[in-house]
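Student: Can we go through this one in pieces? I'd like to begin with a pair of helices.

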Amino acid sequence: MKKPAIFSFLLSLSGLALASKSFDEKPYTLSTSLSDAPMYTLVGITDWGADILRVYGITTLVLVFVFLTVALPTLYALWRFRAKGNETELPKQFTGNHVMELIWTILPVMLLFIIAIPTWEVIFKQSNRAGDPNNFQVKVIGHQWWWEFQYPDLGITTANELHLPENTPIDFTITSDDVIHSFYVPRFGGKIDAIPGVTNHIYLTTPKVMVPHKLGGDFYQGHCLELCGQSHALMRFEAFVHTKQEFDVWAKNAMNPPQVLSAQEKRGEAVFSQCQACHTIAGTDSAKIPGKKMGPDLTNFGNRRYLGATTRENTLDNMHLWIKNSSQIKPGSRMTSFEGILSDQQIEDVASYVRISTAKKL
Ligand SMILES: [Cu+2]
């Protein structure tokens, strides 16, 4: 038998997804099962995610009940009262049945309460965690088109990689620097808007590390979920969950000043003066410039897996392309194009400074 049409339709859609790779070179490993997919939400690995999943479950049961109570009698009536061909007049017509009207008013109200009560419970549970001194603070700031993460208690500022200790209650304070974004790690639970001038919160307890690997911890895909301009689709990040020891090592390394070892890195350090109006590397002159910077903090950039909020892999070649003209690989990028401003040699030098001097052995 031929494959059903829906199959070919879905296949052509996935073909489109593969064909649209030009701006998106990130090598996602195709998951073998649906539940491994990076955007899969039915996992509940954080307490918050599990709470949301429970409300989903209750809602689904209520909806199945409503569907069956409407669909089954409808099907039965269609069959039972179908025209048999020998009718001469209309069946008896009647209007108004108080008992039935009461039933179909009260029953839906009850069903709505069955959904509403656990929903309220989850909402209140979130707000009850505000101000808990055990909360680990993480400030999330959306920018067109990248994410800034600050750890006020540790004095760390970083970007595009969210590192968290396992099994820890976290208070995410979420805001935006420009337009409305939305902070979302599907496997953690829900999403929440990042709105300029407003702070929103998410409270959750991170999961335990499940698959320890060399770099440390498990990682989860994150994405901006509010259409926020040209490169909204490339405004992604990765959330890493580490064991407490690994997290401490990461935190200790995160704000270390760069180690400039080679002659090339040294030349690159000088070129970096052209970047420091927008970027900071802790422990260098760039950190002394007061005021808010337009670009991501690059203090530990050498340890990041990706470039441009996971637009490309963090390699020397991609860095070269990025510095030359980042909008070629990330449309609309707010970073200056250095084509014609820096020579190829200077780009190589500054790229090696930014990538290699800031990389620490974790
Ligand atoms: Cu966004």
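**Helix contact, sheet and a loop cysteine**

Tutor: In helix H6, Leu-316, Met-319, His-320, Ile-323 and Lys-324 meet Ile-347, Glu-348, Val-350, Ala-351 and Arg-355 of helix H7. Contact means C-beta atoms, placed from the backbone, within 7 Å; helices are DSSP runs of H or I with at least four residues, strands are E runs of at least two, both numbered from the N terminus. This is a predicted model: local features need pLDDT of at least 70, side-chain atom pairs count only at pLDDT 80 or more, and totals for chains, interfaces and linings use all residues. Residues are numbered from 1 along each chain as its sequence is written.

Student: At what angle do the axes of H6 and H7 cross?

Tutor: Roughly 120 degrees, and the axes come within 9 Å. Axes are lines fitted to C-alpha atoms, for helices over the stretch in contact, with angles from 0 to 180 degrees between N-to-C directions.

Student: Switching to the sheet, what is the strand order?

Tutor: The order is S4-S10-S9-S6-S7, an open sheet with mixed pairing. Strands pair if DSSP finds at least two bridges between them. The twist averages 25 degrees from one strand to the next.

Student: Are S4 and S10 parallel or antiparallel?

Tutor: S4 and S10 pair in the parallel sense, over five bridges. His-163 stands opposite Phe-240 in S10.

Student: Now Cys-278: why does it count as partly exposed?

Tutor: Because 16 other C-beta atoms lie within 10 Å of Cys-278; 20 or more would be buried, 12 or fewer exposed. Cys-278 is in the loop between H5 and S11.

Terms used. Two residues are in contact if their C-beta atoms, placed from the backbone, lie within 7 Å.
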